[in-house]
Amino acid sequence: PATNPTFIQQYTDDGLSPSSLIITSNRRSKVVDYNDIYTVQYTEEDYYNYIYYGVTPQGTPYFEGESAVTSAIKYVTESTIPTLYLLSGHGESPFDSVMTQYLDVDNYVTSDLSLLTESGVPSDASAVICIAPQNDITDIELSKLKAYLDNGGTFILLSSYRVQNTANLMSLTSSFGADYKQGLI
């Protein structure tokens with residue numbers, strides 16, 4: 001970058017921290033920022049002392065370089081990057097930040113999927129995920145999901161104990177041997 005200022009721009013639009021890495025292959029590239037190699041975690045006591053006493057928090061440093069570099073090497077060398085489609089349109093919950101971080105480290109791409117507007121589940125889908133839907137899927141969506149699953153697709157349903165009025169979702173899971181039962185554990 002010192003001798004060729006536009007070098008970094010071919011890999012990222014974001015600025016890089018000093019000592020960051022750029023991993024490349026003939027397929028794609030990935031930037032591993034220095035702040036992803038060495039991370040710092042702060043305790044509640046650190047935050048408390050900073051807010052009430054103005055004490056600069058020290059935090060605990062962690063080396064995450066092996067995981068970050070291994071993930072980047074896997075990303076640039078894989079022939080295809082797996083895509084997870086997040087079913088939308090039924091009041092689903094989003095992935096939380098921790099799950100999103102795990103998916104990023106494992107190089108999954110996520111994309112929203114509305115089966116009301118799409119002709120079916122895209123062919124590049126590694127899985128379709130439905131997270132805590134508040135409303136049931138329609139008969140049309142049910143038939144599209146069944147066609148996808150009959151062709152070897154994967155469907156992940158994360159639901160809460162408050163599942164109500166989801167007859168189509170329950171019939172979909174029942175067809176694969178997972179029945180919803182009312183009760184306490």
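Here are my entries on the cores and on one pair of helices.

**Entry 1: the model.** I noted before anything else that this is a predicted model.

**Entry 2: the largest core.** I looked up the largest nonpolar core and found 17 residues in it. Which of them touch the most other members? I got Leu87, Val121, Val128, Leu145 and Phe155. Next I checked which elements give two or more residues to this core: strand 5 (83-87), strand 7 (125-131), helix 5 (139-150) and helix 6 (167-174). Helix 5 gives the most, with 4 residues.

**Entry 3: Phe155.** I picked Phe155 and skipped its neighbours within four places in sequence. What is Phe155 in contact with, then? My list reads Val128, Cys130, Leu145, Leu149, Leu169 and Leu172.

**Entry 4: helix 5 and helix 6.** I wanted to know how these two helices sit together. They pack at an angle of about 15°, and their axes are 10 Å apart. Angles under 35 degrees count as roughly parallel, so I wrote down helix 5 and helix 6 as roughly parallel to each other. The crossing of helix 5 past helix 6 is right-handed.

**Entry 5: who meets whom.** From helix 5 I have Asp139, Leu142, Leu145, Lys146 and Leu149, and they meet Asn168, Ser171 and Leu172 of helix 6. I sorted the residues of this contact into 4 nonpolar, 2 polar and 2 charged.

Technical notes. Residues are numbered from 1 along each chain as its sequence is written. This is a predicted model: local features need pLDDT of at least 70, side-chain atom pairs count only at pLDDT 80 or more; totals for chains, interfaces and linings use all residues. Side-chain values use heavy atoms; hydrogens and water are left out. A nonpolar core is a set of buried Ala, Val, Leu, Ile, Met, Phe, Trp, Tyr and Cys residues joined through side-chain atoms within 4.5 Å. Buried means under 20% relative accessible area, exposed over 50%, partly exposed in between (1.4 Å probe, protein chains only). Contact means heavy atoms within 4.5 Å. Axes are lines fitted to C-alpha atoms, for helices over the stretch in contact, and angles run from 0 to 180 degrees between N-to-C directions. Angles under 35 degrees count as roughly parallel, over 145 as roughly antiparallel, 65 to 115 as roughly perpendicular and the rest as oblique. A crossing is left-handed if the near helix is turned anticlockwise from the far one by less than a right angle, and right-handed if clockwise. Ala, Val, Leu, Ile, Met, Phe, Trp, Tyr, Cys and Pro count as nonpolar, Asp, Glu, Lys and Arg as charged, and the others, Gly among them, as polar.
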